[in-house]
Amino acid sequence: TTRAVIDHHHMGVYGLVYTSAYNMCASFGIERDIHLWHAMTGRQMGLLTGHQSSVCNVVVRESLNQLISVSKDKMIKLWDLRVNKCMQTFTDE
């Protein structure tokens with residue numbers, strides 16, 4: 001049985017991660033944004049924007065309320081999930 005359809009990605013999804021602390025999924029892909037979804041309802045809980053190229057991986061550190069994302073251009077962003085804001089950006093120059 002399908003509970004929810006997540007349709008905000010229009011160009012393709014590379015991955016989806018789940019965090020039990022927030023009962024949330026984070027989806028990411030070609031569009032450079034990270035969508036945050038309620039795991040049971042599919043309701044969008046947030047949108048993390050700021051990458052300049054496709055997001056290729058995401059890791060959630062539940063104990064620190066952080067999401068770490070890396071994009072194809074080797075940019076790494078550290079996000080605070082309590083406020084859905086980027087706290088730090090690292091680049092490979």
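## Briefing on an all-strand chain

The accessible surface of the protein chain comes to about 5700 Å², and 50% of it belongs to carbon and sulfur atoms, with areas taken from the Shrake-Rupley method with a 1.4 Å probe. This is a predicted model, in which local features need pLDDT of at least 70 and side-chain atom pairs count only at pLDDT 80 or more, while totals for chains, interfaces and linings use all residues. Residues are numbered from 1 along each chain as its sequence is written, and side-chain values use heavy atoms, with hydrogens and water left out.

**Strands and overall make-up**

- The protein chain has zero helices and eight strands, where helices (H or I, at least four residues) and strands (E, at least two) are DSSP runs numbered from the N terminus.
- Of the 93 residues in the protein chain, 34% are buried, a word that stands for under 20% relative accessible area, with exposed meaning over 50% and partly exposed lying in between (1.4 Å probe, protein chains only).
- Among contacts with a separation of 6 or more, 25% join residues 24 or more positions apart, a contact being heavy atoms within 4.5 Å.

- Strands β3 and β4 (residues 44-48) run antiparallel and are joined by four bridges, and two strands pair if DSSP finds at least two bridges between them.
- Trp37 has Gln44 in β4 as its bridge partner, and five residues lie between the strands of this hairpin, where Gly42 takes a positive phi near 80°.

**The largest nonpolar core**

- The largest nonpolar core has 11 residues, including Met24, Phe28, Ile34, Leu48, Leu67 and Trp79; such a core is a set of buried Ala, Val, Leu, Ile, Met, Phe, Trp, Tyr and Cys residues joined through side-chain atoms within 4.5 Å.
- At least two residues of this core come from each of β2 (24-29), β3 (34-38) and β5 (55-61), and β2 gives the most, with three residues.
- Leaving aside neighbours within four places in sequence, Trp79 is in contact with residues including Ile34, Leu48, Leu67 and Cys86.

- Lys77 lies in strand β7 (residues 76-80) and counts as buried because its relative accessibility is 8%.
- Not counting residues up to four places away in sequence, Lys77 touches Gly50, His51 and Leu67, among others.
- The charged end of Lys72 sits over the ring of Tyr14, 5.2 Å from its centre, the criterion being NZ of Lys or CZ of Arg within 6 Å of the ring centre and within 35 degrees of the ring normal.
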